[in-house]
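This report describes selected features of the structure shown below.

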Amino acid sequence: MKRKIEQALCDWSHAIGRKPLVVNGARQVGKTYSVLAFARQNFKRVLHIDFSAQPLYCALFESDITPAALLPQIEALSRTTVDPADTLLFFDEVQACPRALTSLKYFCEQAPEYPVIAAGSLLGVALARKDYSFPVGKVDLLHLYPLDFEEFLWAMGEEALVRLIRDCFSRDAPLNLHEHALDWYRKYVLVGGLPEAVQTYALGQAFPQIRGIQDALTDAYLADMTKYASPIDSAKILNVWRSVPEQLAKENHKFQYATIASSARAHQYEAAINWLQAAGLVMYCYRVDAGVRPLKAHVERDFFKLYLFDVGLLSALQGVSADDLLPASDRNARLRGGIAENYVMQQLQAAGMFACYWGTTSKSEVDFVVQKGNDVIPIEVKSGGNVSSRSLEAYRKAYRPPYVMRLSTKNFGREGGVRSVPLYAAFCIG
């Protein structure tokens, strides 16, 4: 599968002043696959050390972790010559050997000619449990997320459709294949962007088989919660994880601790939420008190929405079927709204955008607000064709943005300062 991170990896490898690279991300988002695909295209050989599968390598990092000490031992154990001119050194599952991550500091300072990539899951969680420091300032960083909708369409062989969507977005021109693209959107929110689910669907398997994969992946994430946290903390982490689908099924998607339990309070569950965020399993969307730049200066961290990192897992946990996503299913309009928001947040995060939401003490609320250059743009998300929004009008009167963006099942267009963008084109915003 073609991934956007491959271009970022190429840019890193050719950059002047390149540092060792750390690729982070949740489990099963394709970190190993992407790094190895990049290595095959750009290096004569790759020395792939998987610290989970090859624990013998961990012993090499127990004492001196300078390149001068490590490289001869790595070469002897692997029976491979590490030539910085043509060999990529790949430390995989590095959370299983935190001192290997620390060693990147010395590769940066003492052997910068060696191309080194480290990849791992739960890095923030694993390092917090051990007395090792992250090599701040000595590494370059990339975060890999599940496939966004554009990458999903590539995997389905729909490259031509992607080009049409991007062209219509740039011109605010209607897409003639609008219903066809909406159908792919509905498939994506069921399948999600986790590579195993996407690949299985691309090979022709039906949704029940995809749901089985999603259930197995969810079980693996639950196992991590018990493995990397104390019994008391893991119980709270599990409670928060299970509450997120309920939070997004409510009319108001703002995170409410009472949804976990009637007696739940912020101080009891804040660490659990941060654990899930550090593991890459949830996405924060904070409230801002003003729609002006810089947005980060107006964040109110006591108010936030929480989204799952993959919309397909959200659909699986909510038990959503293909029929539930059709407009005729009016009884599920509120459920579709939470799914659509989660989907949009996933596309914005994959594009590297800082997304928040705007709200007031009244019921006025705009789903997302993003900063593009010097402009602050409000984004309203509608899961269907009913696009009326008093909150959006209140925001326009208060801050007079250059335009507002409305994501819905309607086609592209622009009228009265409102850009109509179909849900399937959310990846274009970034």
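## The open sheet

Eight strands form an open sheet: 8 strands in the order 7-6-8-9-10-11-13-12, with mixed pairing. Strands (E, at least two residues) and helices (H or I, at least four) are DSSP runs numbered from the N terminus, and two strands pair if DSSP finds at least two bridges between them. Strand 7 (299-308) and strand 12 (413-415) each have a single partner strand, so one side of each lacks a neighbour in the sheet. From one strand to the next, the twist averages 35 degrees.

Strand 6 (residues 282-288) pairs with strand 8 (residues 356-359) in the parallel sense over 2 bridges. Arg 287 has Tyr 357 in strand 8 as its bridge partner.

## Basis of the model

The model is predicted: local features need pLDDT of at least 70, side-chain atom pairs count only at pLDDT 80 or more, and totals for chains, interfaces and linings use all residues. Residues are numbered from 1 along each chain as its sequence is written, and side-chain values use heavy atoms, leaving out hydrogens and water.

## A buried glutamine

Gln 214 is found in helix 11 (residues 207-227). Its relative accessibility is 2%, which counts as buried (under 20% relative accessible area, 1.4 Å probe, protein chains only).

The side chain of Gln 214 reaches the backbone oxygen of Gly 312 at 3.4 Å. Leaving aside neighbours within four places in sequence, Gln 214 is in contact (heavy atoms within 4.5 Å) with Leu 190, Val 191, Gly 312, Leu 313 and Ala 316.

Technical notes: Axes fitted to C-alpha atoms, helices over the stretch in contact; angles between N-to-C directions. Buried < 20%, exposed > 50% of the residue type's maximum accessible area, 1.4 Å probe, protein only. Polar contact = N/O pair within 3.5 Å; in protein donor to acceptor, adjacent residues only side chain to side chain.
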